[in-house]
Structure formats: C-alpha cells, structure tokens
Amino acid sequence: MAVNTLTIDGKEIAIEAGKTILDAAKEAGVPIPTLCHMEGVHDVGACRLCIVEAEGTPKLLPACVTAATEGMVIHTQTEKLQNYRRMTVELIFAEGNHVCSICVANGNCELQDVAVDVGMDHSRFSYRFPDRGCDLSHSQFGIDHNRCIMCTRCVRVCDEVEGAHVWDVGSRGPDCFIVAGLDQPWGEVDACTSCGKCVDACPTGAIFHKGETTGEKEGDRGKMAFLTTAREKQEWTR
Amino acid sequence: MDLTELRAVAQKEKDRQRPTRIHCCTSTGCRAASATEVYNNLKAAVKAQECGDRLEVVSVGCMGFCGQGPLVQVDPDNHLYGQVKPQEAESIVTATLGEGRTEAEQLDPEQPFFAYQTPVVRKHSGKVNPESIEEYIAVGGYESLYKVVHDMTPAEVVAEVSNSGLRGRGGGGYPTGLKWATVAKMPEGQKYIICNGDEGDPGAFMDRSVLESDPHLVLEGMAIAGYAVGADHGYVYVRAEYPLAISRLQKAIKQAKRYGLMGSQIFDSPFDFKVDIRIGAGAFVCGEETALIQSIEGARGNPVPRPPYPAQKGLYDCPTLINNVESFANIAHIIGEGAEAYASIGTENSKGTKIFALTGNIRNNGLIEVPMGITLRTIVEEMGGGVPDGEVKAVQTGGPSGGCIPKDLLDTPVDYDSLKAVGSMMGSGGMVVMDQNTNMVEIAHFYMEFCREETCGKCVPCRTGTVQLHSLLTKLLKGQATATDLEQLKQLSYMVQETSLCGLGMSAPNPVLSTLRYFPEEYTSLLVQPAYLNGHAAEPAITATAKG
Ligand SMILES: Cc1cc2nc3c(=O)[nH]c(=O)nc-3n(C[C@H](O)[C@H](O)[C@H](O)COP(=O)(O)O)c2cc1C
Ligand code: SF4
Ligand code: SF4
Ligand code: SF4
Ligand code: FES
Ligand code: FES
C-alpha cells in the first residue's frame with residue numbers, strides 16, 4: 001500500500017495514497033468544517049467551506065476533493081480561511097430563510113453547527129427573504145425549499161445509495177432548486193420508495209419527517225457510510 | 001483518396017472557377033443586413049447579362065468588416081463595396097465587366113483596418129465558399145492532414161504544435177502542445193477530441209465566424225489532433241443560437257465523408273476519425289470544459305472539480321482533448337507552413353495571431369486578426385479609426401471574465417502576459433471600446449448581472465456571491481451605498497475569486513476589481529454617509545460626499 005506523508009496544522013500524518021486532504025485531516029484529528037461532504041456518497045466540492053491552504057500553491061484547495069500528496073504542508077485555520085469561511089456561511093444564511101427558533105432541525109443542524117464553528121453571529125450581507133415554497137405532498141416527509149442550501153446530499157444519496165434518483169437540481173444560478181421527479185410534487189413521484197434516506201442526509205431542516213416540530217428532527221447521518229461499507233466490512237449491524 | 005487525387009480535385013476546381021469572382025458575404029452579420037437579397041440579385045444580374053462564362057458570384061464567409069455589411073468584394077481587381085443595397089447588385093456586375101459605373105459605396109481594401117491584419121486563421125475567410133469542400137481543397141485544404149497521416153508520426157505532430165508556441169484561444173492560454181502531449185501520453189484506448197464552440201461571452205462572435213466561414217479548416221485541425229493524440233472520434237460543441245454555423249458544419253462533415261477525408265481509413269491509412277455535432281442550449285457556463293463534457297454526456301451542464309483534468313479523464317471518463325475553435329483553426333497552417341514560420345509571428349511568450357471582435361464606441365466595428373504584440377493603441381486608434389466624436393476612456397477585453405484597461409495603458413501590447421499584468425486577460429477575443437461618457441460602475445454592474453444569471457448555481461460563492469455583489473453595485477448606482485458597502489464589495493470580490501469552483505466564479509469579480517483599480521473615484525463619488533450619522537460629523541475614513 002502506497003502511503004503519503006503530509007503535515008496538517010503542524011501535525012504529521014501518513015495516509016494511504018488516493019485519499020483526500022479531508023480524510024487525512026480526520027485521521028490527524030484536525031477538524032475542517034464541511035457541508036456538502038457526506039461519507040457514503042461521492043464528493044462534489046460545492047459548499048467551499050473545506051478550503052485549506054497548501055504551502056507553495058497560490059490557490060485555495062477544497063479539502064474534500066483534493067488528493068493528499070506527498071510532502072504537502074497544509075494550513076486549515078489561517079486568518080484568510082477563517083474570514084472566507086465566515087463569509088461563505090453568511091452568504092448561505094442570507095440566501096435562504098433560516099429562522100432557527102422555529103425550525104425542525106434547531107439544535108441538530110449542520111449549518112447551525114458550522115455557523116457556531118466559524119463564529120458567525122449575523123450576516124453582513126443583506127437577507128434575501130426568498131419565497132421558495134414548501135412541498136408537503138409526500139405522505140411521510142416534507143421539504144421546505146427556503147431552508148435548502150443546495151448541498152445536493154439528498155440528490156446523491158437517493159441516486160447512489162437508494163438507487164431511486166428522485167431528486168435533481170432544477171433551473172440555474174440564483175433560481176436553482178431541488179426538484180422532485182420531473183418537477184412534480186414529491187408525493188406523486190412513483191420512484192420514491194419512502195426510504196427516508198434523504199431526510200437523514202439533509203444537513204439542515206429542509207427535508208424533514210412530517211409532524212416533527214421545533215428541534216425534533218434528528219438526522220441519522222452516519223447511516224449512509226454504514227450502508228455503503230457494510231458489505232465490504234462484513235458489518236451488518238451497528 | 002490519395003495525394004494525386006486530392007490535387008486533381010483542386011485542379012478541377014481551379015479550372016471550373018471563373019477568372020473574375022464576385023464574393024458576397026452571406027454570414028450572420030451581413031445576413032442581418034439583407035446580404036441574401038444582394039447575393040440573389042448578383043446571381044440574377046450575371047444570368048441576365050449572360051456573363052457567366054467570365055464571372056461568377058460566390059457566397060462566402062465573413063470578411064471582418066461586419067459593421068459595413070453587406071460586403072461584396074471582387075477578385076482579382078480587389079474592389080470592395082460596403083453597405084451594398086440589393087438594388088445596387090446589378091450595377092456592381094456591370095461595373096465589374098467594365099461596362100458602366102456603380103452607385104455602390106466603394107471601400108478602401110488597403111485601409112488600416114485591413115492593413116494591420118495578419119490573416120492566418122481567416123486567410124480564406126471571405127474568399128472561399130464555406131459550403132464547398134472543392135473550394136477549400138483548391139486553396140490547399142486537407143494537404144496538412146495528408147502530410148501528418150503519411151509523413152509524420154503522432155509524436156512529431158505533437159512536437160510541431162509544441163514548437164509553434166500556440167496557446168489556447170478559448171481564454172486560458174494553456175500551451176496547446178503540452179495539452180496534446182498529455183492526452184497522447186495517456187494509455188492507448190478510446191480517446192476523444194472536443195472542439196469548444198460554445199462562445200458565450202456577450203459581444204463575441206469570432207468562433208461563429210470561423211465556423212461559418214471556413215468549417216473545413218476546423219475539421220481538418222480536429223482530425224490532425226485526433227491523429228496526434230490517438231483519438232478516432234471528435235465532437236464539435238456549438239450553441240443553438242448559431243444555426244448557420246451548425247448547418248455549414250453539417251454540410252462540411254457530409255462532404256468530407258464523401259471524399260474519404262473523414263470516417264474510416266482516411267487517405268487509405270489505418271487512421272479513422274469521425275466528427276459529430278453537439279448543440280448547446282446557450283448557457284455561458286457550458287463553455288467551461290468540464291461542464292461542456294457533462295452536457296455532451298447528456299447531464300446537467302455543471303462544472304466538476306479538476307483534477308482530474310479532461311486530458312486524463314474526460315468524456316465518458318476517457319482521455320479527452322478539448323480545444324477552442326480558433327485553436328484548432330490554427331493547426332492546418334502550423335503543419336503546412338511549419339512551426340518555425342508560425343512562431344515567427346507574435347511575441348516571446350505569445351505566438352501567432354488572435355482574432356478580436358472589435359465593438360463599442362468605435363468607428364470600425366468588426367472582426368480583426370492581428371499578430372500578437374500589436375498595441376491596443378494601434379487597434380483602437382488606427383484599425384478601429386478611434387472613437388466617433390470623442391475620446392477613448394477604456395478598453396474592455398476578456399468579456400465578463402476580463403477587465404477594463406484605461407486609456408493611459410493603451411500602449412500595452414496584446415499578449416497573454418501583458419494583458420494579465422494590467423488586470424485584464426486575453427479572453428476569447430471580445431474587445432469593447434468605451435468613450436468618456438461611459439460609467440465604469442455601470443459596466444461592472446452589467447457584467448455582474450450577466451454572471452449572476454449565468455452561474456450554474458453549484459457552488460456557494462459563485463451562486464450567492466454574485467447576487468450580493470450585484471446588489472452592492474446596484475446600491476452604489478442608486479446612491480445608497482456607504483464606505484462600508486464599498487469595502488464589502490472589495491472583500492467579497494476577493495472571496496468569490498479565490499473560493500469558487502470553476503473559472504466562471506473565479507473570474508466573475510474581475511470587471512469590478514479592474515474598474516476599482518483604475519477608476520476608484522467613480523466608485524467613491526457615488527458613496528453616501530451612513531444614515532446613523534444623520535448628516536452630522538463624517539467618519540474620517542469617508543472622504544467623498546454624496547452625489548446628486
Ligand atoms: C465560464 C467559462 C466559459 C468558457 N467559455 C468558453 C467558450 O465559450 N469557448 C471556449 O473555447 N472556451 C471557453 N472556456 C474555456 C474552456 O474551459 C477551455 O479552457 C477551453 O475550451 C480550452 O481550449 P483552448 O486551450 O484551446 O483555449 C470557458 C471557461 C469558463 C470558465
Ligand atoms: S436549517 Fe438549520 S440554520 Fe436553517 S433555520 Fe433550520 S436550524 Fe437554522
Ligand atoms: S425517501 Fe428515499 S427514495 Fe424517496 S426521495 Fe428520499 S431518498 Fe429518495
Ligand atoms: S434539501 Fe437538504 S440535502 Fe437536499 S440540497 Fe437542500 S439542504 Fe441539501
Ligand atoms: S465539503 Fe468540500 S466543498 Fe463542501
Ligand atoms: S458577417 Fe459579413 S463581413 Fe462579417
């Protein structure tokens with residue numbers, strides 16, 4: 001097994017060739033904030049929160065999709081990175097309607113956690129207060145597009161783990177939204193098996209179980225990684 | 001088909017051609033100004049005057065002087081007529097026969113607009129009928145393809161392209177030879193060639209013109225590339241807004257197949273190469289190479305993180321060579337004339353020529369092909385004839401990804417590195433001249449609006465950052481922005497530039513940053529004091545006062 005050694009925030013770490021900087025950081029115990037990354041599905045590099053600096057490279061590198069190579073010297077908490085991450089989170093908050101106090105995911109939301117991590121208390125950008133609507137047509141679940149951060153974890157989990165491909169991204173740019181089936185109400189999409197994986201995968205309160213009230217949603221995020229590696233590891237329970 | 005047969009086709013075509021040729025541009029620019037009627041009337045006049053044995057009317061591609069369309073040019077006399085009206089066609093034929101005068105406006109074919117040009121890619125543009133492969137063969141077409149297939153190894157072709165110093169004309173300026181070498185070095189197996197004809201920059205029409213005027217030149221370049229890197233299948237990706245380019249390409253592919261210049265066993269060699277056309281729906285982001293590949297595969301045109309680069313893992317996960325239309329259009333010339341001859345044009349680090357679409361507040365609008373290293377001043381003041389009733393304020397290059405170069409820097413030579421050094425970029429070839437009445441904040445606002453609409457929406461900084469940048473610029477223009485807003489505009493610009501996933505986001509703030517760099521007073525003069533000061537003491541940091 002080929003191994004690469006690198007340094008992350010001063011910690012030396014040896015890691016299997018082909019692994020990403022994010023994998024290496026996890027192994028070294030260095031936390032890097034992420035939102036679109038989820039174990040069990042492929043990475044897309046969309047949220048840009050996991051950016052890090054590598055000595056000798058002028059570009060900022062997204063840790064989740066950049067291979068860890070021999071001799072890299074990585075910094076994850078420079079002033080610039082902290083500043084940019086905070087701006088990223090502010091941009092996300094300003095884009096949707098994130099009123100945590102009345103949200104199903106309050107206290108259990110990855111976006112909220114990241115906001116705390118990067119020290120964001122308010123957004124310096126003007127709030128856009130979109131009116132993107134809610135789809136409550138599914139018998140068990142609902143989606144509130146106003147809380148969606150377009151991480152596409154639901155899209156990937158439904159396609160790659162459940163194999164149903166109910167979700168996709170519709171439209172472009174600021175009008176982007178998560179679309180069910182052929183732009184149908186979720187409840188009318190026959191392909192949906194009601195497995196609930198997208199509910200667990202969603203980092204925010206955008207997709208939820210119907211009937212949940214403030215702070216009641218608890219996504220089971222480790223489930224995807226467990227499901228996708230169960231056969232390989234011969235571990236059928238957890 | 002072998003070389004003798006190819007040359008026989010050329011000879012037969014030369015014998016067919018009449019000694020006098022009236023070239024009538026029927027490309028998109030002139031078509032919009034009733035060139036089709038001019039062409040039909042010219043044809044009818046030749047028929048009526050029964051002079052078809054001496055004289056022929058030829059539908060040709062763009063002559064470059066599109067602002068003066070419809071254009072008619074006569075060989076061998078080299079008479080050039082501009083803004084030809086359909087009713088003037090008859091007298092042009094009469095005048096060409098030396099039997100009368102014409103009212104049609106004569107233009108000077110030696111004027112600076114033409115004189116400073118070095119046609120390489122556009123050598124046959126406006127001279128040959130783009131719908132006739134025989135005309136292309138008659139001017140030496142497909143000889144370069146023959147040469148590589150029979151006399152050169154793939155490695156030699158790659159070396160020739162490397163030695164020519166050609167850099168990508170799609171905007172990035174990546175060395176073409178290096179890209180070819182990377183794809184060639186990938187293990188044998190299925191590989192693809194893609195020709196990027198998406199051309200989404202507002203105001204740019206260089207690639208459309210090349211495809212419309214000389215489609216075989218692009219196909220020949222792609223086939224040579226296929227031979228060099230070991231690919232047997234190519235795609236041309238053209239936007240749906242270019243119907244004429246698409247139909248001429250389709251015709252060209254059909255003709256090339258008929259002659260055995262495309263398909264299997266080209267020139268009776270083991271080399272196979274076929275080309276398919278893929279039509280894009282006109283999203284700017286689909287010009288980005290990874291998004292374009294997604295789009296050809298039938299998926300949503302979203303960029304994906306690189307590496308892996310398309311050269312390693314591209315279309316259907318196979319090694320893929322993707323180049324711009326103009327890049328491919330240089331290849332036949334490089335092979336035909338040799339890398340050294342090509343490299344003698346241009347500067348140390350930027351070889352050859354570049355086509356620009358010269359537009360804006362300028363007398364002569366149109367397409368120009370200039371040698372690298374020419375100064376912006378020569379282009380604007382001499383070729384473009386300067387700004388009508390006024391003075392130039394800035395020149396914008398690189399479209400929504402580029403920047404504005406102020407008039408003090410007009411002596412900047414046009415090459416990849418110099419343009420970058422002054423905060424703009426070569427881009428794909430848009431060049432907009434702005435006069436002293438232009439509001440630079442409005443320009444930045446215009447391009448930001450474009451990027452905001454065109455972002456694919458995949459990554460956060462580009463999707464939401466462009467919206468916030470746009471609204472900050474709107475706030476400025478409305479006279480509602482404070483110094484804090486301006487600072488935020490700057491900081492957010494850097495953030496979007498440094499953290500976005502693809503080139504669209506990385507370059508979207510460029511128009512803001514370059515206008516801020518050269519015209520800061522236009523921004524500060526729009527600032528107002530924050531409301532909490534209530535008209536009292538100004539913060540020391542704020543120097544400018546409210547406007548209007
Ligand atoms: C947003 C965006 C739009 C682009 N549009 C085009 C385009 O319309 N045509 C083009 O040739 N290249 C375009 N490019 C550059 C391509 O990604 C790619 O670099 C180019 O086609 C490579 O060809 P070249 O090396 O011959 O320039 C674009 C890049 C970005 C980031
Ligand atoms: S999704 Fe998260 S951040 Fe948004 S309102 Fe709910 S708890 Fe708050
Ligand atoms: S419940 Fe399962 S099948 Fe239905 S959309 Fe969610 S992940 Fe897909
Ligand atoms: S619904 Fe949830 S998982 Fe899907 S894109 Fe939006 S935030 Fe991500
Ligand atoms: S976690 Fe890496 S870009 Fe989102
Ligand atoms: S389109 Fe006719 S000269 Fe350019």
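B:P308 sits in the loop between α13 (289–296) and β9 of chain B. Helices (H or I, at least four residues) and strands (E, at least two) are DSSP runs, numbered from the N terminus. In this predicted model, local features need pLDDT of at least 70, side-chain atom pairs count only at pLDDT 80 or more, and totals for chains, interfaces and linings use all residues. Residues are numbered from 1 along each chain as its sequence is written, chains are lettered from A and ligands numbered from 1 in the order in which they are written, and side-chain values use heavy atoms, with hydrogens and water left out.

The peptide bond from B:P307 to B:P308 is cis, with omega near 0°. A cis peptide bond also joins B:D75 and B:P76, at an omega of about 5°. B:P76 belongs to the loop between β3 (72–75) and β4 (79–82) of chain B. B:E50 has a positive phi, near 50°, and is not a glycine. This residue lies in the loop between α3 (35–48) and β2 (55–60) of chain B. Most residues other than glycine have a negative phi, and most peptide bonds are trans.

Ligand 1 is surrounded by 18 residues, each with a heavy atom within 4 Å of the ligand. The closest are B:G170, B:E199, B:N323, B:N324 and B:S327. By class, the shell holds three nonpolar, nine polar and six charged residues. Here Ala, Val, Leu, Ile, Met, Phe, Trp, Tyr, Cys and Pro count as nonpolar, Asp, Glu, Lys and Arg as charged, and the others, Gly among them, as polar. Both β9 (320–324) and α21 (503–507) of chain B supply at least two residues of this shell. β9(B) gives the most, with three residues.

Several polar contacts (pairs of N or O atoms within 3.5 Å) involve ligand 1. A polar side-chain atom of B:S327 is 2.6 Å from an oxygen atom of the ligand. For B:N196, a side-chain N or O atom is 2.9 Å from a ligand oxygen. A backbone N or O atom of B:G287 lies 3.3 Å from a nitrogen atom of ligand 1. Taken alone, ligand 1 exposes 610 Å², and the protein buries 89% of that. These accessible areas come from the Shrake-Rupley method with a 1.4 Å probe.

The residues around ligand 4 include A:C148, A:C151, A:C154 and A:C202. That shell has 10 nonpolar, two polar and no charged residues.

Helix α2 (residues 79–95) of chain A meets helix α20 (residues 483–499) of chain B. Their axes come within 10 Å and cross at roughly 100°. Axes are lines fitted to C-alpha atoms over the stretch in contact, and angles run from 0 to 180 degrees between N-to-C directions. α2(A) and α20(B) are therefore roughly perpendicular (65 to 115 degrees). Contact (heavy atoms within 4.5 Å) involves residues including A:Y84 and A:M87 of α2(A) and B:Y494 and B:M495 of α20(B). Six nonpolar, three polar and two charged residues take part.

Within chain B, helices α7 (residues 143–151) and α11 (residues 215–229) pack at about 10°, with axes 9 Å apart. They are therefore roughly parallel (under 35 degrees). B:E143, B:S144, B:L145, B:V148 and B:V149 of α7(B) meet B:E220, B:A223, B:I224 and B:Y227 of α11(B). This contact divides into six nonpolar, one polar and two charged residues.

Technical notes
A polar contact is a pair of N or O atoms within 3.5 Å; within protein, one must be able to donate a hydrogen and the other to accept it, and residues adjacent in sequence count only if both atoms are side-chain atoms. Angles under 35 degrees count as roughly parallel, over 145 as roughly antiparallel, 65 to 115 as roughly perpendicular and the rest as oblique.
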